[in-house]
Amino acid sequence: MLRSFKKFFVAALLCLPLFAEPDNGKFLPDPEIFLANHVFFEVGGGMNFPLEFFNQGTIPMTSYGGHFFASVDYNWSGWLFGLEYTHDMWGEGQGQYSLMENFRTNIIELTVRKIISKKAVKWFPKWLEVIPGLGIGVNFITTDYYPSVRAKEEGRLNSVTFGQPGANCLFYNGGLELAVRTGNDMFIPFIGADYNAFYDVSIGGGFAGYPRVYAGIRFYPFGVVNNIQEAIEEYRENKEQAAFAGNTDETEEAEEQDEETFELVEGKVFIGVNPSIDFTPDDDGVNDKVTITPSVQNIGNSVEKWTIRVLDQKGNEFISWSGNGQIPENIEWDGKSKAGEYVFTRNTYTVELTVVPVEKDRIRTGSSELKAETKLTTGILFEVIIPNKKWKIIVNTIHFDPDKETFDKIPDYQRAENYETIESIARQIKEHGDVHVLVEGYANNVSNTERENETELIPLSRLRAQTIMNLLVENGLDSNLLSFEGKGGSNPIAAWKDRDNWWKNRRVEFIVTRIE
């Protein structure tokens, strides 16, 4: 009996990746109590087509835009009920009659969708789900706009702020999605398109509408419960069939003979870095390279596939290495990304190892993929502009209060990090002898307009640069050898279209010049 239970338990573990998304294949859902393993989450984003007001005909009032969304949902026999938040963004309208400088919506809506799969339509492929849906909710509008063509010609811009009376309106949505079942239904990617409409009175526009296309992923955090339930049912069915056929003794004997087959050995992988702190690839002969060391335990060193990735603080891939067969003993890295960009000062990077064992090791360990990660923290990098004469330090880990030059409202740990970073910079600048230091503040131009840069970003970045300069003085640097400038959104590191890397543009640069 003990052996039977052991065999069942191991078999259950081996089939854990086989979660099946609930879908009864019928129009009406089955009666059921609330099940935690039917709760799922969705995240994604995509492109918005220009916004049009129906009373303006087909004139696009904005340029193209984008959006992102997140939701919590429940799957009731293939009916998907959810609460979703969506943020839409458009840029400046193009053309004389396009009166929107920018347009933003914050939408909270209730959604209902229906899965149509092979269970309902026999000729559908097994991997495909077609999901039509509807939504209704509240739209909170913020925008800068011209009330008329004449106002646009004269530069008279009006604004609607978040939550302003009249800017909150009902929102309607209809769409169609295509989901792909990849064999592990705990994570289901999908693409879709929808059309959205709302009645706006905040700017006198009336009904407005716009289409979107998007992609996202649906994941069931408690889907593992389904796996165990299915394993229990399959095990019971096999036992009943064996008993009915009079083969109970043979089954027990086979279990004893095959017991070793189900002895799982836990596979493990490890990843190490040296140095793990103060990695400074600036060609000064100290910690200019890092050694990445992968290793495995209870599986062979020759694997089906291995991948090592370095991720930045936003989780984006900075550089990676991969291969088949033998895992390398170590990898020497010079701190450059795949695009030739160096790591940033005072940033923490994640070094991640992923290993796919060969088939026999997958059977022995019950794992189709093994992962490990560690952290790598950079020190203060002095980028050489003129050898022995001029250097540049780029720092994007100094945190400020929103739209302020102060540290008053940020969390205590961020405030402590700020002071530690500035103290370290001041200490290393002193080691360079008599130097002049220019502190330059930079920001990210979200609207990509000169108006935002001149009226908001340059003044704000100048104040922030002055704050940093004053802190350098408090840390012992001579105020007569310091100056500051506000650069606003100029000289961006990440392009305006590269939204994932906008955080790199919000930075402070220190230009250190030796005094002759």
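View 1. A search of the whole structure finds two cavities of 30 Å³ or more, a cavity being a set of points, on a 1 Å grid over the protein atoms alone, where a 1.4 Å probe fits but cannot get out. The model is a predicted one, in which local features need pLDDT of at least 70 and side-chain atom pairs count only at pLDDT 80 or more, while totals for chains, interfaces and linings use all residues. Residues are numbered from 1 along each chain as its sequence is written, and side-chain values use heavy atoms, with hydrogens and water left out.

**View 2. The largest cavity and its lining.** The largest cavity has a volume of about 220 Å³, a volume being the space filled by probe spheres set on the grid points, which are joined across faces, edges and corners. Among the 20 residues that line the largest cavity, E84, N173, E177, D194 and Y214 are the closest to its centre; lining residues have an atom within 4 Å of a point. Strands (DSSP E runs of at least two residues, numbered, like helices, which are H or I runs of at least four, from the N terminus) that each supply at least two lining residues include β4 (79–90), β8 (168–180), β9 (187–200) and β10 (206–219). By class, the lining of this cavity has seven nonpolar (Ala, Val, Leu, Ile, Met, Phe, Trp, Tyr, Cys and Pro), seven charged (Asp, Glu, Lys and Arg) and six polar residues (the others, Gly among them).

**View 3. The largest pocket.** About 1200 Å³ of space lies in the largest pocket, a pocket being an open set of points with protein on both sides within 12 Å along at least five of seven lines. Of its 40 lining residues, A443, N444, R464, W503 and R506 lie nearest the centre. The largest share of this lining, seven residues, comes from α7, and by class the lining has 11 nonpolar, 15 polar and 14 charged residues.

**View 4. The contact of α6 with α7.** The axes of helix α6 (residues 412–430) and helix α7 (residues 450–474), lines fitted to C-alpha atoms over the stretch in contact, come within 9 Å and cross at roughly 65°, on a scale from 0 to 180 degrees between N-to-C directions. Y419, I422, I425 and A426 in α6 meet I468, L471 and L472 in α7, contact meaning heavy atoms within 4.5 Å. The residues of this contact divide into seven nonpolar, no polar and no charged.

**View 5. Confidence along the chain.** The protein chain averages a pLDDT (the predictor's confidence in each residue, from 0 to 100) of 83, and 87% of the residues score at least 70.
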